[in-house]
Amino acid sequence: FDNFKYPYHPVILPGNDHPVVKGIGPINLKYPSTIDLNVVTKTEVEKTPLLQSSENSRTQFIPVELDFDFLRYDLQPEKFDQGPQTVSLLLEGTFPSLYENRVTESMMSGLNDIGLEYKATSELTQMAVVSDGDIARNNVGRDGRSFSPLGYNEFDKYRYANKDFLVNLVEYMMDENGVIESRAKEVKLRMLDTAQAQAEETYWQLFNIGLPLVFLLLFGLGYNQWRKRKYAKI
């Protein structure tokens, strides 16, 4: 098997200081969708992006016809120019009921029978949205009995931080004492911008290899001249 760069399985590196994502490693998603931040809500809801793609992103409207023949060619960086795209969002506030103006008399009667009251809006609460269900999916073996750890990519042979993200998310929404904020670690990971690295490949090769050799050559010539002058006088 040969591994190819597959843009539909992006690796997301959290880039903000929110307690849910602060200090965790990269997260692997499969066929994620984008989340529109401009949707107007009836109630007041605070929207906090948790996961966003890099500057080198591209969106496509579905349905998309996937032809794996494109893997034979290098990706064209100029087509990935749509900036960061939100793929996970934290919503905090009050939410309107889905059944607003749709509650019938029989439904109200059923609620009264079990001692419940219909509420048009929720209490102050939180909701998390992730545009890819595979973030919480374990890879199951062909025998149907074995499975890989959550976040493990069998092609990269690497375990991504999908589990850490989900655990932090649940703990944050259930935490009333701010424990998760106190244990958040300050760890900054820097992912390589492959498009920029390829564009400046020759420059950095000369800078890292050629420049030290030039300094070494100048030092050698200067040292030999110094030895000649010193011992020539003797």
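So, Asn-101 sits in the loop between strand E4 and helix H1 (105–113); helices here are DSSP runs of H or I with at least four residues, strands are E runs of at least two, and both are numbered from the N terminus. Asn-101 has a positive phi of about 65 degrees, although it is not a glycine. It counts as exposed because its relative accessibility is 78%, where exposed means over 50% relative accessible area, buried means under 20%, and partly exposed is in between, with a 1.4 Å probe and protein chains only.

Before I go on: this is a predicted model, where local features need pLDDT of at least 70, side-chain atom pairs count only at pLDDT 80 or more, and totals for chains, interfaces and linings use all residues. Residues are numbered from 1 along each chain as its sequence is written, and side-chain values use heavy atoms, with hydrogens and water left out.

How confident is the predictor? The mean pLDDT of the protein chain is 85, and 92% of its residues reach 70 or more; pLDDT is the predictor's confidence in each residue, from 0 to 100.

Okay, salt bridges. The rule is a side-chain nitrogen of Lys or Arg within 4 Å of a carboxyl oxygen of Asp or Glu, and by that rule we get 3 of them. Glu-100 is partly exposed at 24%, whereas Lys-42 is exposed at 65%.

Next, Arg-72 bridges to Asp-69, with the closest N and O atoms 2.8 Å apart. Arg-72 is exposed at 67%, while Asp-69 is partly exposed at 32%. Then there's Lys-119 with Glu-123 at 3.4 Å, N to O. Here Lys-119 is partly exposed at 46% and Glu-123 is exposed at 58%.

You'll find Pro-63 in the loop between strand E3 (45–52) and strand E4 (86–93).

Now helix H2, residues 162–174. Its 13 residues should span 18 Å, and the end C-alpha atoms are 19 Å apart, so that agrees; the expected span is 1.5 Å times one less than the number of residues. Which residues of H2 are buried? They are Asn-162, Phe-165, Asn-168, Leu-169 and Tyr-172. They cover an arc of only 135 degrees around the axis, so they are on the same side of H2; the arc is taken from the directions from the helix axis to the C-beta atoms. Remember, an α-helix has 3.6 residues a turn, so residues three or four places apart point the same way.

Last stop: helix H5 (residues 201–233), which holds Leu-217. Leu-217 counts as exposed because its relative accessibility is 54%.
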